[in-house]
Amino acid sequence: MASGADFIQRAKGEIEEIQPSQANEELSADNTVVVDVREQHEFEERHIPGAVHVPRGHLESRIEQFVPDKSKRVLVYCASGNRSALAAKTLTDELDYTDVASVAGGITLWKDRGYETVVPRSLTQEQKERYSRHILIPEIGLEGQLKLLDAKVLLLGAGGLGSPTALYLAAAGVGTLGLVDDDVVDASNLQRQVIHNIERIGVAKTESARIAIEALNPDVKVVEHRVRFGPENVIELLSDYDVIVDGADNFPTRYLLNDASVRLGKPVVSASILAFDGQISTFIPHDGPCYRCLYPTPPPPELAPSCGAAGVLGVLPGIMGLFQANEVIKLVTGQGEPLKGRLLLFEALRTEFTELKVKRDPECPICGPGAAELADGELGKFPDYEAFCSGAPVAVA
Amino acid sequence: MPTIKVPPVLRAQTGGEAEVSVEAANVGEVLRGLVEAHPGTERQLFDGEGALNRYVNIYLNDEDVRVLDGLETSVSDGDTVVILPAMAGGRY
């Protein structure tokens, strides 16, 4: 009876075996596919650049997904050249691949000979566990989770909307969360601003939020911007981030953010709340409408009660803030359909949704054809800002 | 009859009514019907010249009347006219 070693030896005699040098020469050819047949953990540790991963145990069931064209040149490798020899034999004899070779000595010899390898990014064991429910969803998966960990999201406001958004984005593993807020935690905030707590009354909201986020997920880097968002800092604040979440409490800030984000090409997830009603939309510069396409002119104070004191149902910012977090996750992972060109209205008392279409305004001063000529200093300007919102900071120079 | 959805900021002027139905042939008539029934809404919808205020967005069902025929856009039974106010709240 033949031993396992004999069996492998015989297989090697029946297939094409090539040296690492030859494999390296063939690597860049268009017709070549490199297949790593080792186990998951071996592939994750290090592999040949561009290799597709099909563990030998799944070879028969998965190879056609990765190499549908059986006439392709297929270079198979493993750790030392044994498993790949058997895999090459299977591919040739059983699966009708016509041009298969096994790399002698596997990745061990390949590396010893000085050829290039890559160490792929992966998650730590702790991260795999923490994000396992994301990784199980094909639309997110490992790739989406890595995108979330790389993402930099700026939240305007660490209050009603910012609290739930920040908490859930932190839990989801968004790697960098910037928080812009110059306020401190007040007892009246706690009815809805769930990221803060009794012990942190009087503490800066950015700091209070950072403490809560760090206790929830150490993967998240929190950047505190304890400033009032204004024309003097808007470009600098937005520059480092991929997505902006607007939870501002006044019109000058909303227009200023819009104008600057269009200029910088940053998507903005914008929501607002009042009493029992919420609105949300996602503005993607030049791809969809902007905030000014939707609202060309700010309303006067009597139609904009946010300028004064107005109440809000505590759960409402929770609902709308999580819609914002959902938009952010879709934008970061590139999955699904964002609320682009759509304004979603939510009425809490009736539990009713209304969706309205928002079109690009061809004459929009900010995202229309004339916008390029607008100087940076003109962004966010309205001649009558002071008149309509005396309680809010004025964004006019 | 078309129905108007009244935003919260105007409900003080409609006696708390969130929806008002008005007999009308176009969007402009719908709004004027609302003003007739609830005169307090006039100043917030129309300027001194009787034109719609620039900051008021009006939708017929889910479409902005700016991309339709504006106030001349005709309405049918069962249509909904949405008065959309900009809201700024969030952080507070």
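Q: How many residues does the contact take from chain A, and how many from chain B?
A: The structure is a predicted model, in which local features need pLDDT of at least 70, side-chain atom pairs count only at pLDDT 80 or more, and totals for chains, interfaces and linings use all residues. Residues are numbered from 1 along each chain as its sequence is written, while chains are lettered from A and ligands numbered from 1 in the order in which they are written. Two residues are in contact if their C-beta atoms, placed from the backbone, lie within 7 Å. On that criterion, the contact takes 37 residues from chain A and, from chain B, 20 residues.

Q: How do the residues of the side of chain A that touches chain B divide into nonpolar, polar and charged?
A: Ala, Val, Leu, Ile, Met, Phe, Trp, Tyr, Cys and Pro count as nonpolar, Asp, Glu, Lys and Arg as charged, and the others, Gly among them, as polar. The side of chain A that touches chain B divides into 18 nonpolar, 11 polar and 8 charged.

Q: At what angle do helices α10 and α15 of chain A pack?
A: Helices (H or I, at least four residues) and strands (E, at least two) are DSSP runs, numbered from the N terminus. Axes are lines fitted to C-alpha atoms, for helices over the stretch in contact, and angles run from 0 to 180 degrees between N-to-C directions. For α10 (residues 162-171) and α15 (residues 315-333) of chain A, the axes lie 7 Å apart and the packing angle is about 40 degrees.

Q: Why is α10(A) described as oblique to α15(A)?
A: Angles under 35 degrees count as roughly parallel, over 145 as roughly antiparallel, 65 to 115 as roughly perpendicular and the rest as oblique. The angle of about 40 degrees therefore makes α10(A), relative to α15(A), oblique.

Q: Which strand of chain A does β2(A) join through 5 bridges?
A: Two strands pair if DSSP finds at least two bridges between them. Strand β2 (residues 32-36) of chain A has 2 bridges to the parallel strand β3 (residues 52-53) of chain A, where A:Val52 is the bridge partner of A:Val35. A:Val33 stands opposite A:Val74 in β4(A). The strand joined to β2(A) by 5 bridges, in parallel, is β4(A).

Q: Which are the edge strands of the open sheet in chain B?
A: The sheet has 5 strands in the order β2-β1-β5-β3-β4 (chain B), with mixed pairing. Within the sheet, β3 (residues 57-60) and β5 (residues 80-84) of chain B run antiparallel and share 4 bridges, with B:Asn57 opposite B:Leu84. Pairing on one side only marks the edge strands, β2 (19-21) and β4 (63-64) of chain B.
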